[in-house]
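The following note sets out points for a colleague who is reading the model alongside its sequence.

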Amino acid sequence: MLEWFRRRGQQPKRLAEMTPDELDAMLVGHPQLETLLRHSLGVMQFAPPKVAESVLQRVEEIIDETLRRRLSPDEEHAFVMGELEVVRRMLAGR
């Protein structure tokens, strides 16, 4: 996980380019990030391409910020749920 995060800062790999194994490794111990990904990516498939790209970029930023800050589970939950609301508004076009 730490190696993945170090690489993100040097040569980012887009979420869309990650293999299922890489995604699984990234999400170990981060159930809130998994919820964020499942919800966002599930809804994004119906969004216009420009909105979907913006949402994907924002989700990547949320993941990077969460991993960088090394939040406790409760802090991670509060942070990700707040950011999920921002993503919902983006998808709703607000």
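1. The structure discussed here is a predicted model. In this model, helix H3 (residues 31-44) packs with H5 at an angle of about 10°, and H3 and H5 are therefore roughly parallel to each other. Their axes lie 9 Å apart.

2. The contact between these two helices draws on residues from both. H3 contributes Pro31, Gln32, Leu33, Thr35, Leu36, His39, Ser40, Val43 and Met44. From H5 come Glu76, His77, Val80, Met81, Leu84, Val87, Arg88 and Leu91. Sorted by class, the contact of H3 with H5 comprises 10 nonpolar, 5 polar and 2 charged residues.

3. Val86 deserves a separate entry. Val86 belongs to helix H5, which spans residues 73-92. Is Val86 buried, partly exposed or exposed? Buried requires under 20% relative accessible area and exposed over 50%; at 27% relative accessibility, Val86 therefore counts as partly exposed. Val86 and Arg58 are separated by 28 residues in sequence, and their C-alpha atoms are 9.1 Å apart in space.

4. As to the overall architecture, the protein has 5 helices and 0 strands, giving the pattern α-α-α-α-α along the sequence. Of contacts between residues at least 6 apart in sequence, 67% join residues at least 24 apart.

5. Regarding surface and burial, 33% of the 94 residues of the protein count as buried. The accessible surface comes to about 6,000 Å², and carbon and sulfur atoms account for 53% of that surface.

Methods. Residues are numbered from 1 along each chain as its sequence is written. This is a predicted model: local features need pLDDT of at least 70, side-chain atom pairs count only at pLDDT 80 or more; totals for chains, interfaces and linings use all residues. Side-chain values use heavy atoms; hydrogens and water are left out. Helices (H or I, at least four residues) and strands (E, at least two) are DSSP runs, numbered from the N terminus. Buried means under 20% relative accessible area, exposed over 50%, partly exposed in between (1.4 Å probe, protein chains only). Contact means heavy atoms within 4.5 Å. Accessible areas come from the Shrake-Rupley method with a 1.4 Å probe; for residues, only the protein chains shown count as cover. Axes are lines fitted to C-alpha atoms, for helices over the stretch in contact, and angles run from 0 to 180 degrees between N-to-C directions. Angles under 35 degrees count as roughly parallel, over 145 as roughly antiparallel, 65 to 115 as roughly perpendicular and the rest as oblique. Ala, Val, Leu, Ile, Met, Phe, Trp, Tyr, Cys and Pro count as nonpolar, Asp, Glu, Lys and Arg as charged, and the others, Gly among them, as polar.
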